[in-house]
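Reader: I've never read a protein model before. Could you walk me through some of its features, one by one?

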Amino acid sequence: MKWKYLAIGDAWNPKDHFITTFKATDTFTVDGHRCTLIRNMTAASTDTSRLALGSGFITYEEAGVVYLLSPVTKKFTVLYDFNKKAGEGWSIYGMPQNLSRTDTVACPISVVVDSVQTVTINGINLKKMFVSNGSGSLSYAFQGVIIEGIGHTTRPFPWNSCISSTPCYHITDCISHYAGLRCIDSGAIGFYDFKTAPDCDWLPTGIKEEQTGGIYTLLPNPAQDHITMRIGSFSAKTGYRLQVSNLVGQTVHSSSLNSGETKISIAGWAPGLYFYTVYEDNRLTGTGKLIVQ
């Protein structure tokens with residue numbers, strides 16, 4: 001199986017867009033479980049030393065539960081549990097951000113199921129779970145949608161921000177802002193394009209913040225109490241959506257843009273750097289950064 005995700009740089013290079021490919025390459029037995037090795041097949045154009053090209057993650061599935069081998073404790077932990085109902089959840093253990101740590105208690109990732117639906121992909125009915133971060137969880141960027149047989153539709157694996165002083169030692173890589181799953185190619189499900197871009201490998205090159213003045217304008221920037229998104233060539237026939245995420249990829253705002261000028265309150269937002277993305281009919285067409293004071 002193969003997954004393709006769009007990544008939008010990291011805290012150091014927020015505008016470097018690239019496609020990250022993960023692929024199931026090998027099967028073998030670990031502790032009596034028939035496991036699959038999932039490798040990162042892509043190197044980031046910004047800093048390949050941080051992306052861990054070819055690094056592998058070992059998983060197996062049993063009775064609707066997907067398990068992941070902790071790279072630190074060398075023990076399996078629950079990654080997805082498709083048996084859970086709305087209001088239930090699970091914890092992902094053994095993912096301390098600093099790889100020199102071996103404890104599994106200090107940095108659990110708490111996941112809560114908000115709702116469960118069914119989605120049909122290539123004629124196959126699959127369970128679709130909407131999840132969020134549990135109360136007290138020190139992790140971000142694992143909320144979103146998880147689909148049975150596919151995985152998370154925003155990012156490939158959890159990103160644990162437990163230790164802010166060492167931001168580049170977490171489970172997968174140092175890409176803090178994924179923009180979603182583009183395509184999958186599975187022996188069981190087949191090829192499927194989520195239609196969030198013209199094709200699986202399309203990159204929004206040339207749509208950088210400095211070049212969107214005639215298309216999208218986010219003001220004021222820096223901002224304190226509110227922001228206003230202006231669309232230079234607004235069309236009532238197009239569905240516009242604005243999404244804002246923080247440095248660790250947590251979505252702090254998502255809303256439709258129903259006019260050429262939309263005012264949004266940012267009261268209560270923590271001061272700092274944020275990334276915004278604009279979608280037209282579910283296709284990413286603009287990105288930029290926002291500073292909140």
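Author: Let's go through a few features in turn, starting with the disulfide. Keep in mind that this is a predicted model.

Reader: Okay, how many disulfides does a search of the whole structure find?

Author: To spot one, look for two cysteine sulfur atoms within 2.5 Å of each other. Here the search of the whole structure turns up 1 disulfide. Cys-183 and Cys-200 are the partners, with an S to S distance of 1.8 Å.

Reader: And which parts of the chain does that pair tie together?

Author: Cys-183 sits in strand β12, residues 178-186, while Cys-200 is in the loop between β13 (190-193) and β14, so the pair ties together parts that are 17 residues apart in sequence.

Reader: Why is this disulfide called left-handed?

Author: Check the torsion about the S-S bond. For Cys-183 and Cys-200 that torsion is about -95 degrees, so the disulfide is left-handed.

Reader: Are these two cysteines buried or exposed?

Author: A residue counts as buried if its relative accessible area is under 20%, and as exposed if that area is over 50%. Both Cys-183 and Cys-200 are buried. Cys-35 is another buried cysteine, with a relative accessible area of 1%.

Reader: What does Thr-59 touch?

Author: Start with where Thr-59 is: strand β4. Its relative accessible area is 9%, so Thr-59 is buried. Leaving out residues up to four places away in sequence, Thr-59 touches Cys-35, Thr-36, Ile-38, Tyr-67 and Leu-68.

Reader: What joins Asn-221 and Pro-222?

Author: A cis peptide bond again, with omega about 15 degrees. Pro-222 is in the loop between β14 and β15.

Reader: Let's finish with sheets. What is the order of the strands in the open sheet of 3 strands?

Author: Read a sheet by going from strand to neighbouring strand. This open sheet has the order β14-β15-β18, and the pairing is antiparallel. At the edges are β14 and β18 (261-265), each of which pairs on one side only. On average, neighbouring strands of this sheet are turned by 15 degrees against each other, direction ignored.

Reader: How many bridges join β15 to β18?

Author: There are 5 bridges between β15 and β18, and these strands run antiparallel. For a spot to look at, find Arg-230, which stands opposite Glu-261 in β18.

Note on methods
Residues are numbered from 1 along each chain as its sequence is written. This is a predicted model: local features need pLDDT of at least 70, side-chain atom pairs count only at pLDDT 80 or more; totals for chains, interfaces and linings use all residues. Side-chain values use heavy atoms; hydrogens and water are left out. Helices (H or I, at least four residues) and strands (E, at least two) are DSSP runs, numbered from the N terminus. Buried means under 20% relative accessible area, exposed over 50%, partly exposed in between (1.4 Å probe, protein chains only). Contact means heavy atoms within 4.5 Å. Two strands pair if DSSP finds at least two bridges between them. Axes are lines fitted to C-alpha atoms, for helices over the stretch in contact, and angles run from 0 to 180 degrees between N-to-C directions.
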